[in-house]
Amino acid sequence: MIKDIPIIAEQAQQPRRTNPLAHVFDELMNFARSRSLFMLHYCTGCGAIELPPAMTSRFDMERLGIQPMVTPRQADILLVTGYVSIKTLKRIILTYEQMGSPKHVIGICSCTVNGGMYWQSYATAKKLDEYLPVDLYIAGCMPRPEAVISGLQKLIDNIKHGKSDNWKDYYQRYDHYLGNQQHLFGNNWQTPTDVIGEAREYGLFGPQTLGQHTELLESVQKPLQPLEMKL
Amino acid sequence: MTPLDYLLLLSLLTVVIALVAGHRSMGGVWLTFTYAAQLGGLMLMAGLTNQPDVITSSLSFTILGQSLTWRYDALSWYFALITISAGLLSTMYTAGDWGEKFRADGGNLWLLHVAIALNVLSMLILLGSGDLLTLFIGWELVSWASFLLMILAGGPSIQAAIRYITYAMGGAMAILAGLALIYGHTDSFTYPAAANILHSLSTAHLWAPLLLLTLGFGVKMALLPLHLWQAAAYAHTPGPGAAFLGAISSRMGLYALIVVLIQLVGLVRVIELPVLFSFISARDVLAWVAAFTIIFPTFTALRQNDARMLLAWHGIGQGGYMLLGLVMGDALGSAGGLMHVFNHATYQAALFFSVAAVVYRTGTADLNRLGGLVARMPLSFLAMLVGIIGLAGLPPMNGFVSKWLVYRSLMLEGEPLLFVAAVVGTLGTILSVYKLIHNMFLGQLRVEHENIREAPWSMTAPMLILSVVVFVTGLMPGLVLQWIAGIQATVGLPVIDYSLGGLDSAQGSLDMLWVVGVLFAGFGIGAVLFYSGGRTHRVHQLDNYAGGHFLSADIRYHYSDNFYPGLMRLIGPLYRYSFAWLESAVQSGLGLLSLSTQGFYRRVAPANYALVTAVLVLLWVML
Amino acid sequence: MSQELTRMLDTLTKDIAGAKVTLKRARRMRIDVDADALPALLELLQGRGSYVHLSAISCVDWIDDNQFELVYHVWSYESNSLVSAHTRIPRDPGVYLSIYDLYKPAAFFERDIHEMFGLYFEGSPSMEKFILTEWEGPPPMRKDFDAEAWVRDTFTERDYNPEWLKELTDAGGGIAIRPQDIRK
Amino acid sequence: MRPENYQAINHPPSHEYELNFGPNHPGIEGNYALKVKLQGDQVVEAHADGGYLHRGFEKLMEGRLWIQNIALVPRICVPDPVPMEMAYSLAVEELGGLEVPIRAQWIRVMQLELSRIAAHLFTFGGHAATTGMYTTMYWGVADRDLFLDLFEELTGGRVYHIYNIPGGVRRDIPDGYLDRVTSTLDYLESRLPDYDNLFFTNQVFVKRATGTGTMTQQQALEWGVTGPNLRATGLKLDVRRDDPYLVYDEIDFDIATEEAGDAWARTLVRRKELQQSIRIVRQVIERLPSIGGPIRCPIPNPLAWNVPAGEAYARIDSSKGEVAYYVVSTGGDKPYRVHVRGPSSMHAVQVLENLVTGGRLEDVAQIMFSLDACPPEVDR
Amino acid sequence: MDALHILIELTLMPLVAFVVGLFMVLMMRRIAARIQRRVGPPLLQPLYDILKLYGKQTQISHGILHDIGIIMAVGGYIAAETMLPVPGMNGIADKAGLITLAYVLMVPSLGLALGVGQCANPNGSIGISRALTAMLAYDIPFVIVIFGVAWQAGSNNLVDIIALQQVDGIASWGIVQTPLLAFAGLFALHAILGKHPFEIYIAPAEIATGPMVEMGGKYLGGLFVMQCFQLYTAGVIYTSLFLGGGENWLTFLVKSFAVVAVPICIAYLFPRFRTEDVVRLVWKWPVMLGLIGIAFVMN
């Protein structure tokens with residue numbers, strides 16, 4: 001029912017930390033992260049109908065420290081609940097890029113794995129992990145609240161042990177993801193977020209961050225430079 | 001030659017320079033220096049604030065057997081300081097690029113310089129008035145000088161200025177009538193004689209001159225039913241002129257009221273003076289007029305969509321705090337009221353300067369056509385931020401201290417309703433100033449403003465100087481309070497027991513040094529907490545939450561119009577009915593009055609007119 | 001009751017040239033009508049026949065006949081019966097008249113048919129795209145659009161025999177008897 | 001998004017600003033969007049924007065066998081899936097000339113009404129949450145879960161049941177099932193006073209909901225409003241009565257109506273329907289043991305079933321309004337064309353736009369939820 | 001009092017406030033959970049949330065003001081905590097009276113308003129507009145209460161007010177002496193906390209959580225810290241004004257928690273008002289009661 005997606009990208013070389021307490025601090029932060037997950041309130045598909053039961057009185061996700069949040073800025077986990085139509089996928093990518101890292105994507109329902117029963121539909125994207133780095137799939141049509149919660153517990157476990165940093169993969173293999181996005185949305189595809197700049201700024205630059213697809217992007221895009229204060 | 005003579009001569013010299021060189025490109029700079037010289041001249045008299053002393057001018061006339069004298073005391077000095085500083089900074093602001101653009105846009109820069117210089121001169125003369133007649137002469141000079149400043153921009157300002165002069169003439173008539181009444185009793189215009197006779201007058205007889213004088217001076221002060229002229233007149237005056245007017249002009253009314261109410265009648269008498277057939281005293285009436293002057297204009301400001309109009313309406317509202325504090329009559333209240341004159345002048349000028357800078361760059365002060373300018377005009381934003389915190393009366397700026405003194409006094413005097421009224425005014429101010437700064441500087445930057453730059457230094461320097469003053473006098477209110485204490489000693493009010501950081505008192509003291517210190521320490525800790533978090537990166541404003549949609553450049557998503565809709569659904573009808581009714585009532589009443597006044601002027605020579613009025617009123621008093 | 005209904009409809013439609021009324025079952029009537037007579041028929045149904053509720057407009061792509069069939073399902077709350085008015089229009093220009101001024105709900109259905117079949121309705125309040133705003137292909141509900149082929153071109157299928165499973169199988173794990181062994 | 005959308009152009013010199021409700025917004029039901037243009041808090045213009053849940057069902061169904069489509073149809077309306085299966089089955093039965101056994105018809109009625117109860121509980125929760133009343137949502141969703149348990153026992157699925165097939169239902173009711181239904185209904189009835197106190201008669205809620213999104217009878221008929229929303233304007237119209245299907249003509253129930261036509265009236269109608277549904281289910285429980293017989297009629301090999309050529313239009317009343325399926329067969333093993341008429345395609349587009357325009361920002365979400373619009377029905 | 005002593009107090013008071021505030025947030029969430037028939041979050045959940053938010057690795061800022069807004073919001077509350085006397089520590093409560101406190105408490109709101117304004121999000125701006133409207137509403141009963149209490153005590157110094165109430169036990173508490181003011185104060189407190197039905201400026205379904213809309217990471221963390229301070233401040237002010245402050249830490253904490261629990265228990269049973277209804281309600285009952293209360297006090 002729950003399946004880990006193996007992390008394909010090679011880990012970027014982390015700077016060695018000499019402070020002996022750094023390790024303890026990392027453990028603490030990982031623990032806090034695992035115990036406090038804000039999930040984005042975005043019903044992308046029909047699996048969202050099983051989230052209210054999971055959130056509310058009967059299954060109560062708040063006891064695991066999970067609570068719904070409204071905007072992507074506040075959220076840590078993006079639950080893609082079910083099939084993603086192409087129109088929605090654009091919004092999901094926008095939303096994902098607006099979220100602050102560490103961020104986690106959970107694909108709920110079979111449709112996110114391979115298109116599910118809509119495999120021949122012209123309107124839905126088939127494999128979510130082509131467009132976004134997925135941390136965890138919870139398969140089923142649709143998975144029960146118990147399955148959702150057990151999947152979330154698995155994610156919590158992964159975060160606690162520092163194993164769930166697929167979000168770095170998005171920066172490190174941005175070219176790959178962007179290529180798939182361009183394939184589906186056309187060559188003019190651009191989001192307001194400057195992912196390459198972010199990767200550069202946070203030291204998440206990987207060998208596959210840049211490539212032919214990002215070149216294409218840079219040839220068409222009007223980059224949105226932040227409004228710097230000018231005297 | 002006394003220092004006062006030097007001062008007045010310097011001021012006259014300024015006018016002359018303005019007349020001669022006002023149209024030159026360097027004229028503004030020269031004028032700035034002469035204003036600085038005036039300030040220097042004033043500083044020669046700084047000793048006035050320490051002891052209740054008077055510096056007389058050697059200039060004096062004798063007309064119709066009445067000698068006209070001019071003299072300065074601590075009160076005059078304090079107001080003169082604000083006047084000259086306002087003139088100095090306004091001219092400095094005008095002297096640079098602003099003036100160039102003003103001229104290029106077809107404005108008459110020469111006239112603007114002359115008008116400001118004339119205003120300063122006339123105000124200095126008014127502030128030096130040594131008797132009732134010079135008070136009236138100074139008053140008339142100030143009225144006409146302000147009129148000149150208001151009208152010079154042409155266009156919509158002409159109507160506003162004419163409205164002003166109508167009100168002012170009505171007020172002048174009332175003053176003249178009041179003076180005539182007093183003269184009828186004393187045969188003399190000197191203050192001591194007037195004070196003597198006013199002390200001895202019976203209640204009913206005292207009411208007539210008091211009412212006439214308060215009404216007359218209240219026009220300039222823009223007390224509640226007589227306030228309708230002010231906002232439009234100030235707002236339509238070109239940039240620095242508006243700052244000058246907003247800072248000091250209407251405070252001349254307060255000065256005259258202080259002279260009449262406190263120096264001549266005596267506040268004790270006002271407090272005791274009952275309103276006929278009722279249980280309230282004259283002070284209550286004045287206090288409530290002040291309270292309504294706080295509330296109504298403030299909430300009118302809330303509805304304005306033009307930045308200058310909004311500020312001008314606030315100028316009226318803040319006048320209410322000054323009067324409210326003064327008529328409380330105790331050390332704290334009067335200190336608060338007097339200090340608010342200085343505080344208001346500083347932040348109001350800074351705000352007007354900032355708005356003028358925005359208008360200079362964008363060409364509009366319409367709050368619905370601006371937004372997001374903080375990224376482009378950060379210094380103007382800073383000045384406005386400091387200014388609005390002062391205007392709203394929040395710590396750590398100076399507006400907080402003066403308002404605190406007024407609140408404290410209202411608490412000690414046991415005036416819960418007035419206290420609530422004052423707080424309502426402050427809250428209304430907070431609401432409207434947030435609207436001001438939000439609609440201009442925060443929110444979405446309009447695409448046509450993407451490439452504008454900060455205003456030049458000649459414009460930002462005056463506002464930054466003022467911002468520093470606003471902050472420093474907020475941090476160390478004792479600097480201003482020492483002048484206030486001098487005034488209180490001079491005019492016979494209880495003297496405030498101040499310290500550098502505020503005041504010490506058994507029933508609750510205020511130490512701004514501590515408050516500001518702790519506040520900034522708090523900010524410091526907040527900053528440490530903040531910067532100990534992860535790194536941030538800046539994003540463009542189109543990278544924004546829009547319900548999951550992509551924002552594009554052609555979408556206007558800046559929330560500006562009808563900024564407080566929930567509140568307006570509740571109190572909006574009040575604006576439509578009460579305010580409109582009040583405005584039309586006052587307008588038609590004053591229209592009638594001004595028409596009749598106009599008739600008098602046309603048919604009767606002014607000198608005779610005064611005589612006739614005096615006779616009529618005397619008859620009424622005798623009967 | 002149904003007899004009465006049929007009779008009523010017959011009188012209603014006797015002015016409409018070529019209208020053919022069929023009673024399918026209780027409360028279900030079918031009227032076949034020419035394309036140019038359909039608005040008049042609907043006007044009659046609504047005005048005199050109290051068929052005020054437009055339940056749906058369905059479009060069928062008869063690609064072999066090179067025609068679109070439009071079916072207007074209208075319901076009468078008074079006689080509690082449904083009339084389905086069928087008409088056919090040629091597929092080629094694909095333009096027809098809107099009935100928005102008769103039935104407000106038609107706006108949605110016509111807009112929907114426009115983006116799904118590419119059939120244009122003249123006089124409809126909005127022919128902008130609603131569902132397929134970000135779709136650039138041909139109108140997808142047309143029979144000549146092969147969705148499956150499009151999907152095969154656009155998307156790749158998931159690899160159902162990943163490396164880690166192969167390793168498992170090589171190590172002797174997995175299914176005891178493989179399907180191909182059974183077939184032998 | 002295309003790069004040219006970020007190019008600088010002049011801003012409209014307007015006092016209006018735009019705000020997007022959805023798709024990622026708690027004030028919108030499901031994955032749907034409403035773009036509103038506001039002045040202050042007054043909505044000047046509203047444009048619905050759908051398609052986020054578009055899967056091309058109608059196209060998909062043309063490519064699958066008749067029996068396969070049964071798995072597809074419940075997905076068209078997620079909160080209330082049973083009517084979708086039912087309408088499709090009814091249409092196919094009409095085409096194929098199948099006679100559904102009477103026992104299966106009663107079971108279907110029970111399932112329909114249980115689904116209606118679950119959907120209404122969910123709607124109350126959503127509607128309450130738009131006004132900030134989360135407790136109702138927490139309670140409502142938790143109580144709905146009991147009904148999902150009943151479904152699970154009967155059909156094996158919590159949300160999507162795939163229980164009705166052309167010709168009848170998939171399996172008979174388990175032993176003791178009717179007792180469990182009765183006890184669940186008893187529990188729900190005992191909870192209703194709590195809901196009344198907490199929500200339906202809560203003065204703050206009443207104040208907010210009265211006069212919000214009001215439509216007249218005339219408007220409702222003109223805009224094609226159906227179901228509870230239509231009944232909230234005082235019209236006693238219900239497909240179950242006017243166009244009876246299954247055994248609804250043998251069942252005794254009242255059509256719940258309200259006069260006002262505003263958000264509160266719509267909520268009250270649903271509240272009354274909840275009781276009527278309980279009443280219907282109780283009648284089914286009473287009658288069902290006495291009705292024997294098979295639960296489905298024999299159909300040919302479903303994998304090679306050629307449904308006779310023809311066309312059928314089946315309408316039923318779901319918790320949202322009138323659901324209708326137009327099915328065309330050319331005698332093949334797959335439908336030639338299936339057209340789904342979801343009630344929300346009216347409610348969520350035209351009606352919503354009309355009601356929201358001129359209203360207030362505060363009420364946008366409330367109006368949407370009070371209409372009980374279900375976006376997947378619009379997008380299909 | 002030497003400088004070191006006061007420095008220690010100034011450091012300790014915000015710390016205490018933060019820790020107590022964390023538990024108040026926890027209490028709030030637990031009460032909500034119990035009303036909603038849930039289990040609720042674990043003991044240290046508020047702390048985990050804040051730690052997690054501060055530890056976010058990428059986060060966005062819309063400009064310097066966005067940062068300064070949060071700094072001012074948190075810093076303003078930190079400053080305000082030093083003006084609230086707690087058992088054994090007075091901080092600078094005697095240097096800044098009640099009015100100063102009331103105005104210092106507006107600084108965080110103003111800071112937040114500036115930060116939100118820079119985000120250029122209409123949802124945030126609407127939220128701020130509503131929050132300021134609510135402030136206009138609830139501050140009027142609040143200052144009436146302050147006036148009444150200050151008049152009753154003859155001082156606007158919180159230390160004096162507390163001392164006066166501790167003279168002879170419960171009989172001298174404000175809630176016994178001036179019950180009308182105490183009720184008005186509780187009403188105002190409910191509105192100050194912005195809980196339902198006064199929760200107009202968060203309103204997720206209407207304006208997508210208003211001011212918080214563009215806040216993520218440490219910005220949101222700052223707001224969470226601010227929430228702790230806000231609950232603490234509200235509880236302690238009310239305790240100091242009407243419940244005789246704290247004789248010792250135990251009674252102090254019991255009273256503060258009890259005060260905060262009252263509005264929270266009410267809040268989860270109500271939907272939210274419209275903006276103008278909030279203003280109307282708050283200007284009607286608490287203001288009326290407060291003024292009657294003052295009339296009693298001043299006679």
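Visitor: In which sense do strand β6 (residues 536-538) of chain B and β1(E) pair, and over how many bridges?

Guide: Strands here are DSSP runs of E with at least two residues, helices are runs of H or I with at least four residues, and both are numbered from the N terminus. Two strands pair if DSSP finds at least two bridges between them. In this case the pairing is parallel, over three bridges, and B:His537 stands opposite E:Ile60. The model is predicted: local features need pLDDT of at least 70, side-chain atom pairs count only at pLDDT 80 or more, and totals for chains, interfaces and linings use all residues. Residues are numbered from 1 along each chain as its sequence is written, and chains are lettered from A and ligands numbered from 1 in the order in which they are written.

Visitor: How many residues does the contact take from chain E and from chain B?

Guide: Residues are in contact if their C-beta atoms, placed from the backbone, lie within 7 Å. The contact takes 72 residues from chain E and 59 residues from chain B. On the side of chain E, α6(E) gives the most, with 16 residues.

Visitor: How do the axes of α17(B) and α19(B) cross?

Guide: Two packed helices are described by the angle between their axes and the distance between the axes. Axes are lines fitted to C-alpha atoms, for helices over the stretch in contact, and angles run from 0 to 180 degrees between N-to-C directions. The axes of α17 (residues 398-413) and α19 (residues 457-475) of chain B come within 7 Å and cross at roughly 45°. These helices are therefore oblique to each other (angles under 35 degrees count as roughly parallel, over 145 as roughly antiparallel, 65 to 115 as roughly perpendicular and the rest as oblique). Contact is made by B:Asn398, B:Phe400 and B:Val401 of α17(B) with B:Val470, B:Thr473 and B:Gly474 of α19(B).

Methods: Two residues are in contact if their C-beta atoms, placed from the backbone, lie within 7 Å.
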